[in-house]
Amino acid sequence: MTAPSVDGAVGARRWWHRQRWRRLLPIVVAALVLLVALLAIGRDVERHLSGIEHWVADLGPWGILGFVVVFVVLTSAFVPESLLAVVAGTVFGLAWGAFALVAGGLVAAGLHCGHGNRVLQGHIVHPGGPRPRIKAMV
C-alpha cells in the first residue's frame, strides 16, 4: 500500500495563499496610501487648530454651532475626536465643551449613518449579488 501524495496538498495550499495575497495586495496598498494621506492631512490640520480655536471663540454665542459644523467636517476627514475635545475644552470650558462634543458627535453620527445607509443599501440588502451560494448562506 502506498502513502497518499503530500505534494498535491502542499501545492494546493501554496496556490491558495498566492491567490489570497493577490486579492489582498490592492487593499493593503490602498490602506497604506490612505494612512500616508491621513498623516499628511493630520499634520496640516494640527497647524490650523489654533486658527480654528480663535475663529470659534470670535463667533460668540454662535460658537457652539460653528464648532459642531467644524466637528462634523473634520471627523468626516478622519481627524481624531480627541484633538477636537481639547479644542472644545479650551474654548468653551468643561460643561459647554462637553455639550459641544456631544452635539457634534450626534450630528456627525447621524449624517454618517444616513450617508452610509444610502450608499451601501444595495450591498446590504443583496450581499451575495448574483452569487446563489452566498445568497443561500444569508
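How much accessible surface does the protein chain have, and what share of it belongs to carbon and sulfur atoms? The total is about 10,700 Å², and 70% of that belongs to carbon and sulfur atoms. Areas come from the Shrake-Rupley method with a 1.4 Å probe; for residues, only the protein chains shown count as cover.

The model is predicted: local features need pLDDT of at least 70, side-chain atom pairs count only at pLDDT 80 or more, and totals for chains, interfaces and linings use all residues. Residues are numbered from 1 along each chain as its sequence is written, and side-chain values use heavy atoms, with hydrogens and water left out.

**Overall fold**

The protein chain has five helices and zero strands. Helices (H or I, at least four residues) and strands (E, at least two) are DSSP runs, numbered from the N terminus. Of the 138 residues, 17% count as buried. Buried means under 20% relative accessible area, exposed over 50%, partly exposed in between (1.4 Å probe, protein chains only). Among contacts with a separation of 6 or more, 58% join residues 24 or more positions apart. A contact means heavy atoms within 4.5 Å.

**Helix α2**

Helix α2 covers residues 63-76. Its 14 residues reach 20 Å from first C-alpha to last, close to the 20 Å expected at 1.5 Å a residue. The expected span is 1.5 Å times one less than the number of residues. Of the 14 residues, 10 are buried, so α2 is largely enclosed by the rest of the structure. Those buried include Phe67 and Phe71. Phe78 follows α2 and has a positive phi, near 65°.

**Aromatic pairs**

The structure holds three aromatic pairs. Rings of Phe, Tyr and Trp (its six-membered ring) pair if their centres lie within 6.5 Å; planes under 30 degrees apart count as stacked, over 60 as edge-to-face and the rest as tilted. Two of the pairs are tabulated here.

| Pair | Centre distance | Plane angle and class |
|---|---|---|
| Phe67 and Phe92 | 5.8 Å | 80°, edge-to-face |
| Trp96 and Phe99 | 5.8 Å | 90°, edge-to-face |

Phe67 lies in α2 and Phe92 in α3 (residues 81-92), so their pair ties together parts 25 residues apart in sequence. Both Phe67 and Phe92 are buried. Phe67, Phe71 and Phe92 form one aromatic cluster.

Trp96 and Phe99 both lie in α4 (residues 94-125), three residues apart, about one turn of the helix. Trp96 counts as exposed, at 52% relative accessibility. Phe99 is partly exposed, at 46%.
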